[in-house]
Amino acid sequence: MVSIKDIAKQAGVSISTVSYALNGSPKVTKETSARILAIAKELNYIPSAAARSLKKRETKIIGIYLTNYSGAFYGQLLQGMMETLSENGYELIVCSGKESHRFLPERMIDGAIILDATYETKELLSHAERGHKLVVMDRRMDHPNISQVLLDNKAGATLAIDYLAEKGHRKICVVKGPDISFDARQRLEAVQKAVQRYSHIEYIEIDGDFNKHSGEEAGKKIHQDFTEPVGVFCLNDEMAIGMYNYFSRTDLRIGEDVHIIGFDNIEVSQYIQPRLATINYSKHKWGALASELLLNLIQKKQSPEHERINVSLIEGDSVRKR
């Protein structure tokens, strides 16, 4: 790779003179600058982004950390982030895994948005202590360099249980998410509290992992134990769709025997039949707001902020009155 040292040697000038010329400094005459630029072009010189970022202390790049890339959840979320960052002259990279954790301390990115349950809180606090700017979407944190924007998981889970109860369901199964997930824990806590208001309801918890396979496995268990119509709250839509897949191969019918409500309102939810009842929120807004809060921290426009994304119920024929 050609360096400014190579350009300086061919031009017969100092390295600092080449640096001034490449950066358009008036400290170099027009004639010398033109000659240096011509040599740089001839040698196919490409500026080092890493060196430039170290000098300016910025890269204009933001990292979003995700637990994984699977499922249909992330599209609108990332679009909201990307649009907001782009409008402000920043770019977005998607990160996952331990190796990418060095991007912050090595200043390869200007800040990070965290939606990665495997990224330990103590490590994030260590980054924040060193001055790095963060926004968390999957945990509560209190630090001058950290903002948070969380879903109102508890309100959503309460809406789901109330909806099933109001439809007359006396037996309710809840398909849980992974224990490591903040959203899954929040939703389950709200469910456990909500069912206590309905003494006539038989309540059952089934393990899940926020993916279609675990939804199919939960459907299989419900089928094996089936004695009467049952209401099912899947803590995300991916598992609900897995349950649809399972029951499509059985004699039980969704909306008649098994009544399902999900959470997330992913795009496919409005197209499957019967239409999946679900808890809705704007993933685009969630992503956009996370980006906005991070830019505010980076540009020192505001102190850390704690925002919440509201949710609402979308009714569907997957849940009918008993």
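Which residue of β8 is the bridge partner of Val174? It's Phe233. Before going further, a word on ground rules: this is a predicted model, where local features need pLDDT of at least 70, side-chain atom pairs count only at pLDDT 80 or more, and totals for chains, interfaces and linings use all residues. Residues are numbered from 1 along each chain as its sequence is written, and side-chain values use heavy atoms, with hydrogens and water left out.

Strand β6 (residues 171-175) runs parallel to β8 (residues 230-234), and four bridges hold the pairing. For the bookkeeping, strands (E, at least two residues) and helices (H or I, at least four) are DSSP runs numbered from the N terminus, and two strands pair if DSSP finds at least two bridges between them. The open sheet they belong to has four strands in the order β7-β6-β8-β9, with parallel pairing. At its edges stand β7 (202-206) and β9 (258-261); each has a single partner strand, so one side of each lacks a neighbour in the sheet. From one strand to the next, the twist averages 20°.

On its other flank, β8 is joined to β9 by four bridges, again in parallel, and Gly231 has His259 of β9 as its bridge partner. To get from β8 to β9 the chain passes through helix α10 (residues 237-247), in a β-α-β crossover that is right-handed. Right-handed here means that, with the strands pointing away from the viewer, the path from the first strand over the helix to the second runs clockwise.

How is β8 itself placed? Five of its five residues are buried, so the strand is largely enclosed by the rest of the structure. (Buried means under 20% relative accessible area, exposed over 50%, and partly exposed in between, with a 1.4 Å probe and protein chains only.) Both faces are covered: Val230, Val232 and Cys234 are buried on one side, Gly231 and Phe233 on the other.

Helix α8 (residues 182-195) lies across β6, β7 and β8, at about 165° to β7. Such angles run from 0 to 180 degrees between N-to-C directions, with axes fitted as lines to C-alpha atoms, for helices over the stretch in contact.

## The six-stranded sheet

The other open sheet runs β2-β1-β3-β4-β5-β11, six strands with parallel pairing. Here β2 and β11 (306-309) are the edge strands, each with a single partner, so one side of each has no neighbour in the sheet. The twist averages 20° from one strand to the next. Inside this sheet, β1 (residues 61-66) pairs with β3 in the parallel sense over five bridges, with Ile113 of β3 as the bridge partner of Ile64.

## A few residues worth a look

Here are some accessibilities side by side.

| Residue | Relative accessible area | State |
|---|---|---|
| Cys95 | 3% | buried |
| Cys173 | 4% | buried |
| Ser100 | 6% | buried |
| Phe210 | 22% | partly exposed |

A search of the whole structure finds zero disulfides (pairs of cysteine sulfur atoms within 2.5 Å). For Cys173, the nearest cysteine sulfur is that of Cys234, 9.6 Å away.

Ser100 sits in the loop between β2 (91-95) and β3 (111-115). Beyond its neighbours within four places in sequence, Ser100 contacts Tyr65 and Cys95.

Phe210 belongs to the loop between β7 and α9 (212-224). Although Phe210 and Gly177 are 33 residues apart in sequence, their C-alpha atoms are 5.2 Å apart. Neighbours within four places aside, the contacts of Phe210 include Pro178, Ala184, Arg187, Leu235 and Met239.

How values were computed:
Contact means heavy atoms within 4.5 Å.
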